[in-house]
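Please look over the model shown here. A short report on selected local features is given below it.

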Amino acid sequence: MLISAPKLYIIAKEGSIWSCEFATLAAINRALVTSPEPLSNIEFAFNTDDRIEPVALWGYARQATDELSWPEIKAGSTKEVLMKIEQDEQNSVTQWASKSAKLFWRGVVRMGPEIRDKLLSVTAGKEWADVKELGWGDDESMKNDYKIMPQHCGYKFIAQTEGNSYSGRLKYLQMCRSVVVSHTLDWIQHTYHLMRRDGPEQNFVEIQRDWEDLEEKIS
């Protein structure tokens, strides 16, 4: 990629271009053409995979040790999901009193198996939990267990887990006006400094990474 103000040039690409790449290009271009001040020319490379090599690449997340992704799930754009969530709220579908008083989670266990396996284990058979593994290739699982992002907002408590790397769903869960329940995070994104685990501005409930205190916190 090359920014030579006021234009964005694609010099080369590798692999297929999915929706996350198109969205990234659109966001960069919009920032470029609407910038109120001149931008410096720069040549760079970006990678939208869940994990990127510790080289000079732009990516969506990093670990604390990284000093120098995203699957094709068709969740929809942030604005589109927010619009549907707000419509449900206006129609009283997801107002607090109407929400199910359970902890909700759906996901593929092979993406972050240790954390997600343990979540399934500690919630198995619990009346306060609606936690299930999704099988993307299983028609029954997709028919009976899959829920689109706005439907997550029908629950008072929604679990956030990291997967192959960072969690792309967190930004959607934060729109729900539900209680976000998250284990301690290894990955860092650009908005994580806004997450408050305690105090008057607390906006999520933090659980040990092994979920051992989950039932206590839910109670």
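## Basis

The structure is a predicted model.

## Helix H2

Helix H2 spans residues 78-90 and has 13 residues. From its first C-alpha to its last, H2 reaches 18 Å, close to the 18 Å expected at 1.5 Å a residue. Its buried residues are Val81, Ile85 and Glu89. These cover an arc of only 75 degrees around the axis, so they lie on the same side of H2.

The buried residues of H2 pack against H5 and helix H6 (170-173). On the other side of H2, Lys79 and Gln90 are exposed. Just after H2, Ser92 has a positive phi of about 65 degrees.

## Thr123 in helix H3

Thr123 belongs to helix H3, which runs over residues 113-123. Its relative accessibility is 5%, and Thr123 therefore counts as buried, the cut-off for buried being under 20%.

Which residues are in contact with Thr123, leaving aside its neighbours within four places in sequence? They are Leu103, Trp128, Ala129, Val131 and Leu214.

Tyr146 sits in the loop between helix H4 (139-144) and helix H5 (149-152). With a relative accessible area of 32%, Tyr146 is partly exposed, because this class lies between the 20% limit for buried and the 50% limit for exposed.

Together with Trp136 and Ile148, Tyr146 makes a nonpolar surface patch of about 280 Å². H5, the helix on one side of the Tyr146 loop, is also one of the elements against which the buried residues of H2 pack.

Key:
Residues are numbered from 1 along each chain as its sequence is written. This is a predicted model: local features need pLDDT of at least 70, side-chain atom pairs count only at pLDDT 80 or more; totals for chains, interfaces and linings use all residues. Side-chain values use heavy atoms; hydrogens and water are left out. Helices (H or I, at least four residues) and strands (E, at least two) are DSSP runs, numbered from the N terminus. Buried means under 20% relative accessible area, exposed over 50%, partly exposed in between (1.4 Å probe, protein chains only). Contact means heavy atoms within 4.5 Å. Patches are made of residues with over 30% relative accessible area and no salt bridge: like charges are joined within 9 Å, nonpolar side chains (Val, Leu, Ile, Met, Phe, Trp, Tyr) within 5 Å. Accessible areas come from the Shrake-Rupley method with a 1.4 Å probe; for residues, only the protein chains shown count as cover. A salt bridge is a side-chain nitrogen of Lys or Arg within 4 Å of a carboxyl oxygen of Asp or Glu. The expected span of a helix is 1.5 Å times one less than its number of residues. The arc is that of the directions from the helix axis to the C-beta atoms.
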